[in-house]
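I opened a new notebook page for this chain. I wanted the overall build first, then a few places in the backbone.

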Amino acid sequence: MTHTDIDNRDHSNAIALLIDGFTRVDEQIPDVTSDLSPQDLMWRPDPDANSIGWLAWHLTRVADDHIAGITDSPQAWVEEGWVNRFGLPYAEESIGYGQTSAEVGDFTVKNAGLLVDYWRATFARITQALSELQDDDLERILDNSYDPPVTVSIRLMSVVNDLTQHVGQAAYVRGLLERRRG
């Protein structure tokens, strides 16, 4: 699916922009991970850097977790069995936030397809959630512990921001990897 495949005429401008933002990330995930071996996906430019695979996993976990929170539904990570398919040495609820360099280094992945498939399962949940949103839903408060409180719109923009930063970081690391190979 490309950002032009979604008919935004049925959505407000705000929701249409959110759909477009998430779809642009969807277009980039396969590009940044394709044709990479497990070793390439786990390569880190230095011992404290994030790998392409970890970044793709992390951005997907963040999206999965936050969309589930907005829709009050289970995460694909658990409900669809991704946690078992990945078999990572992290707690089931881990999304990668705040992990130490050693924990990032413990990340492993069998192949790029697993990362893309988990992203696509999460993206399907994102597009479903966005297609069901109405403008009034965007102002629903999710978290009162912040000032101002976090609304659905603020959370969704935060997720889009996080995803675009991390997919950009993964593309940068891929560029470093390709330069290293010559």
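**Overall build.** I started with the elements. I counted 8 helices and 2 strands in the chain. Helices here are DSSP runs of H or I with at least four residues, strands are runs of E with at least two, and both are numbered from the N terminus. I then read the order from the N terminus, which is α-α-α-α-α-α-α-β-β-α. The radius of gyration is 17 Å, close to the 16 Å from the globule rule for 182 residues, so the chain is as compact as a globular protein of that length. I took that radius over C-alpha atoms, and the rule is 2.2 Å times the number of residues to the power 0.38. Along the principal axes, the C-alpha atoms fill a box of roughly 50 × 35 × 30 Å.

**Ground rules.** I am working on a predicted model, where local features need pLDDT of at least 70, side-chain atom pairs count only at pLDDT 80 or more, and totals for chains, interfaces and linings use all residues. Residues are numbered from 1 along each chain as its sequence is written, and side-chain values use heavy atoms, with hydrogens and water left out.

**Confidence.** I checked pLDDT, the predictor's confidence in each residue from 0 to 100. The chain averages 94, and 94% of the residues score at least 70. Residues 1-6 stay under 50, and the model gives them 14 contacts beyond four places in sequence. A contact means heavy atoms within 4.5 Å.

**Packing and surface.** How much of the chain is buried? I noted 48% of the 182 residues. Buried is under 20% relative accessible area, exposed is over 50%, and partly exposed lies in between (1.4 Å probe, protein chains only). Among contacts with a separation of 6 or more, 70% come from residues 24 or more positions apart. The accessible surface is about 9,500 Å², and carbon and sulfur atoms hold 48% of that. I used the Shrake-Rupley method with a 1.4 Å probe; for residues, only the protein chains shown count as cover.

**Backbone checks.** Most residues other than glycine have a negative phi, and most peptide bonds are trans. Asp-35 has a positive phi of about 60° and is not a glycine. I found Asp-35 in the loop between helix 1 (13-33) and helix 2 (38-42). Asp-35 counts as exposed, at 75% relative accessibility. Asp-72 sits in the loop between helix 3 (52-71) and helix 4 (76-79). Its relative accessible area is 73%, so Asp-72 is exposed.

**The strand loop.** Which residues does a cis peptide bond join? I noted Asp-147 and Pro-148, with omega about 5°. Pro-148 is in the loop between strand 1 and strand 2. Pro-149 lies in the loop between strand 1 (141-143) and strand 2 (150-151). Pro-149 is partly exposed, at 27% relative accessibility. Beyond four places in sequence, Pro-149 touches Ile-141, Asp-143, Asn-144 and Ile-154.

**Helix 7.** I finished at Ala-112, in helix 7 (residues 112-132). Is Ala-112 buried or exposed? Ala-112 counts as buried, at 11% relative accessibility. Leaving aside neighbours within four places, Ala-112 is in contact with Thr-33, Leu-36 and Leu-41. Val-32 is 80 residues from Ala-112 in sequence, with 9.5 Å between their C-alpha atoms.
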